[in-house]
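Have the structure open and follow along.

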Amino acid sequence: MALRCFPIWVCPQTTHHRSPLVGLAEFDANKRRRFCLWECSSSASQRAVTAIEGEIPYSHELKKSSDELGLTQETQSVSFHRDLSMLPKPLTANSLYSSDGDDSKVRISFQGIPGAYSETAALKAFPNCETVPCEQFEAAFQAVELWLVDKAVLPIENSVGGSIHRNYDLLLRHRLHIVQEVHLPVNHCLLGVPGVKKEDIKCVLSHPQALDQCVNSLNNLGIQRISAKDTATAAQTVSSSGKIDVGAIASVRAANIYGLDILAENIQDDANNVTRFLILAREPMIPRTDRPYKTSIVFSLEEGPGVLFKALAVFALRSINLSKIESRPQRRRPLRVVDGSNNGSAKYFDYLFYIDFEASMADTRAQHALGHLQEFTSFIRILGCYPMDLVR
């Protein structure tokens with residue numbers, strides 16, 4: 001009979017439930033237990049596995065007999081035996097997908113204060129989640145990286161205002177993964193303190209982009225526009241001031257949170273106003289092919305004529321649709337020098353290209369396309385592979 005031993009680190013069970021972050025922060029290294037699995041094998045191919053708990057490092061345990069430890073065979077069998085069903089279960093692919101039943105366990109960070117459109121997007125993706133407001137987008141990213149929250153929600157583009165370039169830069173700066181997208185129809189509401197009428201409003205507060213999206217409606221009402229940090233902050237300011245001639249442009253949720261009356265809904269000039277949000281997590285989602293997926297990548301290209309055309313052609317050759325392409329100058333090396341002939345050297349911007357294509361990384365077409373793309377790139381990174389948001 002042969003004996004083989006391998007150690008497993010585990011944490012002692014507690015009688016109360018804590019979040020993963022709190023559990024890590026309060027975990028005392030001196031209280032860790034080391035479990036060894038003794039595997040016995042015989043010629044009859046019968047195998048038995050018993051869990052052994054001990055405080056002594058494994059290398060010393062092999063040198064000490066049961067007599068030196070002062071334990072009898074009966075004591076060992078009673079004190080050291082543990083039920084193997086209590087050991088942690090291995091993760092499966094389904095473990096990485098959230099369901100409606102466990103939304104309450106998810107904590108999502110967002111930029112702004114309660115009532116922001118980002119919070120509404122988070123609640124659309126996870127209706128029972130706990131939202132955590134952050135002052136800046138950078139803080140929302142860091143909250144995920146520091147295990148303060150599980151995910152972050154980030155607005156990335158608007159159908160009227162276009163792309164939010166700073167957030168593209170944050171995607172590259174941090175190592176989080178896109179695991180979901182959310183399309184949120186925008187409903188800009190004119191809010192006022194209780195009891196006022198729409199005609200009483202002389203000026204409104206809101207985010208500059210929200211004000212720009214409601215120019216015609218505000219001009220028709222003869223209302224002056226004043227910029228605020230964000231829409232929810234504007235609603236909070238109007239609520240705390242109590243002024244009857246000051247309004248805010250914000251969401252229905254902001255009106256409910258800050259006790260304001262909705263004087264008019266959908267005052268945006270474009271009725272088809274939609275903002276696209278991304279849900280970010282520490283670990284990537286396992287790609288599948290059972291539903292439409294989207295993959296986001298970023299890359300820079302080698303120097304040469306027609307190299308961008310060649311890079312995009314790798315998707316067209318495999319009938320993969322590109323739904324988004326965005327270019328951003330590289331901050332660390334914004335200019336690329338090209339040797340000229342007799343006229344010296346030429347300089348032009350060196351770009352990063354962000355692309356969304358409609359295919360899962362589990363699809364061999366996508367795998368071959370990225371393999372082909374590497375022939376023309378000096379840098380490439382997959383930002384995430386995630387299900388497409390098909391619900392409006």
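## Before we start

Helices here are DSSP runs of H or I with at least four residues, strands are runs of E with at least two, and both are numbered from the N terminus. Please keep in mind that this is a predicted model.

## The chain as a whole

The chain holds 12 helices and 20 strands. Of its 392 residues, 40% are buried. Its accessible surface comes to about 22,100 Å², and carbon and sulfur atoms account for 53% of that.

Let us turn to Glu119, which sits in helix H4, spanning residues 117-125. Is Glu119 buried or exposed? Its relative accessible area is 3%, and buried means under 20%, so Glu119 counts as buried.

What surrounds this residue? Beyond its neighbours within four places in sequence, Glu119 is in contact with Phe110, Pro114, Thr131, Arg253 and Ile257. The side chain of Glu119 also reaches the backbone nitrogen of Gly115, at 2.7 Å.

## Helix H11 and its two faces

Helix H11 runs over residues 307-316, and its buried residues are Val307, Ala311, Val314 and Phe315. Seen down the axis of H11, these buried residues fall within an arc of 105 degrees, so they line one face of the helix. The face turned away from that buried side carries Phe309 and Ala316, which are exposed.

Which elements cover the buried residues of H11? Among them are strands S15 (293-301), S16 (322-329) and S19 (351-357), together with helix H12 (364-373).

In soluble globular proteins, nonpolar side chains tend to be buried together. The largest nonpolar core in this model has 40 residues, and those touching the most other members are Val153, Ile297, Phe299, Phe315, Phe357 and Leu373. At least two residues of this core come from each of S4 (107-111), H4, S8 (177-185), S14 (274-281), S15, H11, S19 and H12.

A second, separate core has 29 residues, including Leu190, Ala210, Val238 and Ile267.

Technical notes: Residues numbered from 1 in each chain as written. Predicted model: local features only at pLDDT ≥ 70, side-chain atom pairs only at ≥ 80, totals over all residues. Heavy atoms only, no water. Buried < 20%, exposed > 50% of the residue type's maximum accessible area, 1.4 Å probe, protein only. Areas by Shrake-Rupley, 256 points an atom, 1.4 Å probe, with all protein chains shown as cover. Contact = heavy atoms within 4.5 Å. Polar contact = N/O pair within 3.5 Å; in protein donor to acceptor, adjacent residues only side chain to side chain. Arc of directions from axis to C-beta. Core = buried A, V, L, I, M, F, W, Y, C linked by side-chain atoms within 4.5 Å.
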